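This report describes one protein chain and selected local features within it.

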Amino acid sequence: MELKEQLKANRTRMGLSQEELAERIYVSRQTISNWETDRTYPDVQSLLLLSEVFGTSIDELVKGDVEEMENTIQKEWKKMQTLALVAWGLVGAGIACMAAGFAIETGPSSILHGFTEGELLGIVAFFLFWLFGMELLAMVDKMKKANDLVTYRDIVAFSKGEQPEPDVKAFSRRYPLASNLLKFSAAAVIGGIIALLIAQFL
């Protein structure tokens with residue numbers, strides 16, 4: 001049962017109106033209404049007072065919300081894992097296409113001198129697969145930002161269904177633009193190195 005339902009159920013059980021409950025915990029009637037309609041959420045002090053009025057624990061009041069939050073986190077984590085797996089699968093497929101392109105003997109390309117048609121097709125396929133893979137990884141990065149996942153510790157806590165404690169000193173949190181530029185540069189360099197290595201050894 002979510003908090004809004006807990007509030008209504010306990011208030012009804014005790015025969016209290018919204019105004020009477022508001023007076024007991026020193027808030028306005030509108031505040032109680034907002035809590036019961038899920039527009040806003042009570043702070044810790046208000047939760048403590050509510051638990052005293054209802055004769056229950058804070059854990060019992062927020063249990064449903066905590067369970068829902070854990071379920072949401074688990075779904076987000078599974079989605080992130082799937083996107084990352086598909087992304088690296090696409091990069092791998094691109095590498096395989098490039099390798100196949102360099103392995104197949106075809107005539108010289110009329111578009112770019114120095115490359116055969118097979119090599120050129122392999123390079124184009126690699127680039128397209130790599131591009132789509134990076135797009136999926138960018139989506140994963142966006143989801144990480146939405147959940148404020150910056151450090152490895154954040155990600156581990158999130159994967160366990162826990163709300164991570166933000167590390168305010170983390171480089172990515174202090175300098176988000178620089179962090180994004182480094183990630184993009186690293187992805188570009190890795191893609192270029194892979195392409196060069198395959199072109200050299202095949």
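How many salt bridges does the count come to? The count comes to one salt bridge, and its setting is described below together with other local features of this predicted model.

## Overall architecture

The protein chain contains nine helices and zero strands. Along the sequence, the pattern therefore reads α-α-α-α-α-α-α-α-α, given that helices and strands are taken as DSSP runs numbered from the N terminus.

Of the 202 residues in the protein chain, 34% are buried. Among contacts with a separation of 6 or more, 56% are between residues 24 or more positions apart. The accessible surface of the protein chain is about 12900 Å², and carbon and sulfur atoms contribute 62% of that area.

The salt bridge joins the side chains of Glu36 and Arg11, with an N to O distance of 2.7 Å. The pair connects distant parts of the chain, since Glu36 belongs to helix H3 (residues 29-36) and Arg11 to helix H1, 25 residues apart. Both Glu36 and Arg11 are buried.

## Asn10 in helix H1

Helix H1 (residues 3-13) also holds Asn10. Is Asn10 buried or exposed? Asn10 has a relative accessible area of 9%; because the cut-off for a buried residue is under 20%, Asn10 counts as buried.

The Asn10 side chain reaches the backbone oxygen of Gln6 at a distance of 2.8 Å. When residues up to four places away in sequence are not counted, Asn10 touches Phe54 and Leu61.

## Ser46 in helix H4

Ser46 is located in helix H4 (residues 44-54). Its relative accessibility is 7%, so Ser46 counts as buried.

Which residues does Ser46 touch, not counting those up to four places away in sequence? Ser46 touches Val27 and Trp35.

## Positive phi in two loops

Tyr26 is not a glycine, yet it has a positive phi of about 65 degrees. Tyr26 is found in the loop between helix H2 (18-25) and H3. With a relative accessibility of 70%, Tyr26 counts as exposed, because exposed residues are those over 50%.

Asp38 is a residue other than glycine with a positive phi, near 65 degrees. Asp38 lies in the loop between H3 and H4. The relative accessible area of Asp38 is 42%, and Asp38 is therefore partly exposed.

## A nonpolar surface patch

Which residues form a nonpolar patch on the surface? The patch consists of Val124, Phe127, Leu128, Leu131 and Phe132, which together have about 480 Å² of accessible area.

One of these residues, Val124, lies in helix H6 (residues 117-146). Val124 has 41% relative accessibility and so counts as partly exposed.

How values were computed. Residues are numbered from 1 along each chain as its sequence is written. This is a predicted model: local features need pLDDT of at least 70, side-chain atom pairs count only at pLDDT 80 or more; totals for chains, interfaces and linings use all residues. Side-chain values use heavy atoms; hydrogens and water are left out. Patches are made of residues with over 30% relative accessible area and no salt bridge: like charges are joined within 9 Å, nonpolar side chains (Val, Leu, Ile, Met, Phe, Trp, Tyr) within 5 Å. Accessible areas come from the Shrake-Rupley method with a 1.4 Å probe; for residues, only the protein chains shown count as cover. A salt bridge is a side-chain nitrogen of Lys or Arg within 4 Å of a carboxyl oxygen of Asp or Glu. Helices (H or I, at least four residues) and strands (E, at least two) are DSSP runs, numbered from the N terminus. Buried means under 20% relative accessible area, exposed over 50%, partly exposed in between (1.4 Å probe, protein chains only). Contact means heavy atoms within 4.5 Å. A polar contact is a pair of N or O atoms within 3.5 Å; within protein, one must be able to donate a hydrogen and the other to accept it, and residues adjacent in sequence count only if both atoms are side-chain atoms.
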